[in-house]
Amino acid sequence: MTALLDPAQLATSLPSAVRKLDPRVMVSSPVMFVVEVGAALATASAALDPSVFAWTVVVWLWLTVLFANLAEAVAEGRGKAQAATLRQATRDTVARRLRDDGTEEQVAASSLQPGDVVVVEAGEVVPGDGDVVEGVASVDESAITGESAPVIRESGGDRSAVTGGTRVLSDRVVVRITSRPGESFVDRMIALVEGADRQKTPNELALTILLASLTIIFLAATVSLQPFAVYSGARQSLVVLTALLVCLVPTTIGALLSAIGIAGMDRLVQHHVLAMSGRAVEAAGDVGTLLLDKTGTITLGDRQASELLPVDGVEVRRLADAAHLSSLADETPEGRSVVALAVAAHGVEPRRAADLPRADFVPFTAQTRMSGVDVDGREVRKGAAASVVAWVREQGGDPGEQVGRLADEVARAGGTPLVVAERVDGRARVLGVVHLKDVVKPGMVERFAEMRRMGIRTVMITGDNPLTARAIATEAGLDDFLAEATPEDKMELIRREQRGGRLVAMTGDGTNDAPALAQADVGVAMNSGTAAAKEAGNMVDLDSDPTKLIEIVAIGKQLLITRGALTTFSIANDVAKYFAIIPAMFAPAYPGLEALDVMHLSSPESAILSAVVFNALIIVGLIPLALRGVRYRAASAASLLRRNLLVYGLGGLVAPFAGIKLLDLVVSQLPGLA
C-alpha cells in the first residue's frame with residue numbers, strides 16, 4: 001500500500017503509465033489492448049453524438065487502461081529505484097591490467113575481456129567479475145548485497161569469486177576477469193530488477209492465452225447483440241456496447257498480471273536473492289523436492305572435534321599426533337578444532353604447516369573424501385570411514401573390525417566420525433576415530449514440518465556415513481537423506497526425482513556443484529561461491545545463506561497463489577456487472593429482464609456508468625495486494641484452493657454488488673444523469 005500512496009513513487013509512475021498507452025506497448029496485454037481500442041472507438045462515438053453520459057463513460061474507459069498501466073509502472077518503479085543504487089557500483093573505473101611480462105598498464109574497466117588479469121589493492125574498486133588467482137583480501141560487497149560486513153575473498157576454493165563494483169578493503173589480490181563488458185553480474189541485476197529482461201513465464205503465457213480467448217468470446221458475444229437489439233427496437237450506441245465489453249472481459253487480472261510477476265521478483269530482491277528469470281520464481285512455487293546440504297543449512301556448520309577414540313593397541317597420544325599432523329593444512333573449522341583438541345587435551349606440540357617444509361600435504365576432495373600428509377617416511381590420512389579404510393586395504397593393511405564399531409557409535413550419537421590411519425615402513429594401520437559434534441539448528445523441525453504440509457519432500461545431502469546421516473535426518477524431521485554423497489550422486493538423485501514428475505530445488509557454492517545446479521529446476525548459487533556455480537544456477541543468494549532456500553520456495557508459492565487468487569476474483573466479480581448492464585440495455589424492450597435488476601439501480605445510464613467506474617476502481621484497489629502478494633500459509637493444495645474459492649471467489653461475487661450499488665447512489669446525482 002505504501003508504494004502506491006507514496007507521492008514520489010506515484011509522480012514517477014504516472015508518466016510511465018501514460019507512455020505505456022502506446023498501442024505498440026499495449027498489444028503485449030491482449031485484454032487491455034482490446035479495452036484501449038474500445039476506448040478509442042467510444043471516444044469517436046461520443047464526439048459524434050456528445051452527451052454527459054457518453055463522455056463520462058469514455059473518461060472512465062481511458063482511466064481503466066491508465067490504471068492498468070499504473071499497476072505495472074508502480075511495480076517497475078520499485079525495481080528502478082533499486083537499479084539506481086546498483087548503478088552507483090557500475091561507474092567506469094580504471095583497471096590495472098597485467099601484461100604478459102608482468103608489468104602493469106592502466107585501461108578502462110569497460111575494455112576488459114574474459115581472461116584478462118588485473119591487480120586490485122586496498123581502496124580500489126574491482127573492475128569486473130572474476131576469480132581471485134593470487135592473494136587474499138577483505139572485500140566490501142555492500143553495494144551489491146546491502147550488508148555492511150566485509151567478506152574474505154581468496155585464491156582457490158569456493159571463496160574466489162569477486163564481483164565488479166565491489167571494493168577491496170585490505171591487502172592485494174590478482175583477479176582473472178570472467179565476464180564481457182556489459183554482461184557483468186551487476187549489469188544483469190540492473191536489467192532484471194528494472195524489468196528490461198523480464199519475459200513472460202510459461203504460466204503467464206498460458207494465462208494470457210486463456211484471457212485472450214475469453215476476450216475473443218466476449219467480443220463476439222457483444223458484437224452479436226447489436227442485431228438482436230436492432231430487431232427488438234433497442235438499438236445500442238457504440239459507447240454502451242464498449243462499456244458492456246469492457247465489463248465482461250477479465251480486465252482485473254489482465255491489468256494486474258504483469259505487476260504480479262514483477263512484484264514476485266521484487267520480493268526476492270528484497271530478500272537479497274536475484275532470480276535470473278521469472279520462470280525460476282514460478283518453478284520455486286511448484287517445487288516438489290528440496291535438496292539441502294547438511295552442514296551450514298540443517299546444522300550449525302561449525303562441527304567441533306570433541307573426542308579422540310583410539311583402537312586397541314594404539315596410544316591416544318599417537319592418534320592425537322597423527323590427527324594433528326593431518327589437519328595442519330586444513331583451514332576449515334573442523335580441521336582447526338582437531339588441531340586445538342590434540343594440543344589442549346593431549347599435549348601435542350603446536351606446529352604449523354610452514355614448520356614442515358619437506359611435508360607433502362594431500363588436499364581433501366569430494367571424490368577421495370580424505371586428506372592427509374606425507375612427511376619423513378610417514379603417510380597419514382584422515383577422512384570418511386569408508387575412504388580411509390579402503391586406503392588402508394590398498395596399502396596392504398588390515399583395518400580391523402573395531403574401527404567400524406567406533407565409527408558406528410559416533411554416528412548413532414549424531415556425530416561425524418573421522419577415521420585416522422597411517423603407513424610407516426610399508427605397514428598401514430588404522431589409529432582411531434575423531435568424534436566431530438554437529439548440532440541441528442533451532443527451528444528446523446518446525447520448518448520441515450511446514451514443508452511437509454506444503455507437499456514438499458525434503459532430502460538432506462551429506463558426505464557423512466549413513467548412520468550419522470540417519471541420526472541427523474531423524475532429529476531434524478527430514479523425509480530422506482543421501483549419505484556419502486558425491487557430485488555424481490547429487491546429479492543422479494535430481495534426475496531420479498525429475499523422472500518422477502517432481503521439480504527439484506537445491507543450493508550450492510562450489511564448482512563441483514555447478515552440474516547439479518544447472519540440472520535442478522531451481523538452482524540457488526551462493527554469492528560467496530565460484531563463478532561457475534553462479535553461472536550454472538538460475539538464482540543467486542547475495543547473503544550466501546543456504547537456509548534461505550525455504551523462503552525462496554515460500555515466495556514462489558506466494559506468487560502463484562496471488563495470481564490464482566486475483567484470477568478467481570476477476571472472473572467472479574464480472575457476475576455483478578451482468579446484473580447491472582444487461583437489464584439496463586434490454587429491459588425497455590423485454591420488461592421481464594427487470595427481474596435481473598436485483599440491485600434496483602436508479603436508471604439504465606447510472607447502472608452502466610456505475611459498472612464501468614467500479615471496473616476501473618477495483619484495479620486501483622487491488623494494486624497493493626498484487627504488489628504485496630496474498631498472504632501465504634503452509635498448507636496442502638486442497639486447503640489453499642478451498643480458501644482461495646471462499647475468500648476471492650465468494651468475495652469476488654459479493655463485493656461488486658455492494659460497490660456498484662454505492663456508486664449508483666452517487667452517479668445518479670450527477671447533472672445530466674439524474
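1. UniProt positions are given in the numbering used here, feature names are shortened, and annotations may be inferred rather than shown by experiment. Under "binding site", an unreviewed UniProt entry lists Asp330, Glu334, Phe364, Thr365, Ala366, Gln367, Thr368, Arg369, Met370, Ser371 and Lys382.

2. On the basis of the values: this is a predicted model, in which local features need pLDDT of at least 70 and side-chain atom pairs count only at pLDDT 80 or more, while totals for chains, interfaces and linings use all residues. Residues are numbered from 1 along each chain as its sequence is written, and side-chain values use heavy atoms, with hydrogens and water left out.

3. Helices (H or I, at least four residues) and strands (E, at least two) are DSSP runs, numbered from the N terminus. Thr368 sits in the loop between strand E12 (360–362) and strand E13 (370–375), and Met370 is in strand E13.

4. Buried means under 20% relative accessible area, exposed over 50%, and partly exposed in between (1.4 Å probe, protein chains only). Thr368 is partly exposed at 37%, whereas Met370 is buried at 13%. Beyond its neighbours within four places in sequence, Met370 is in contact (heavy atoms within 4.5 Å) with Pro363, Phe364, Thr365, Arg381, Lys382, Gly383, Ser387, Val388 and Trp391.

5. Helix H21 (residues 549–572) packs with helix H23 (residues 604–628) at an angle of about 165 degrees, and their axes are 10 Å apart. Axes are lines fitted to C-alpha atoms, for helices over the stretch in contact, and angles run from 0 to 180 degrees between N-to-C directions. H21 is therefore roughly antiparallel to H23 (angles over 145 degrees count as such).

6. From H21, Gln558, Thr562, Leu566 and Phe569 meet Ile618, Leu622, Leu625, Ala626 and Arg628 of H23. The residues of this contact divide into six nonpolar, two polar and one charged (Ala, Val, Leu, Ile, Met, Phe, Trp, Tyr, Cys and Pro count as nonpolar, Asp, Glu, Lys and Arg as charged, and the others, Gly among them, as polar).

7. Asn644, in helix H24 (residues 637–667), is buried, with a relative accessible area of 14%. Leaving aside neighbours within four places in sequence, Asn644 is in contact with Gly564, Ala565, Thr568 and Gly649.

8. Two backbone angles deserve a check. Most residues other than glycine have a negative phi. Asp171, in the loop between strand E7 (167–168) and strand E8 (172–177), has a positive phi near 65 degrees. Asp425, in the loop between strand E15 (416–424) and strand E16 (427–437), has a positive phi near 55 degrees and is exposed at 76% relative accessibility.

Technical notes
Parallel < 35°, antiparallel > 145°, perpendicular 65-115°, else oblique.
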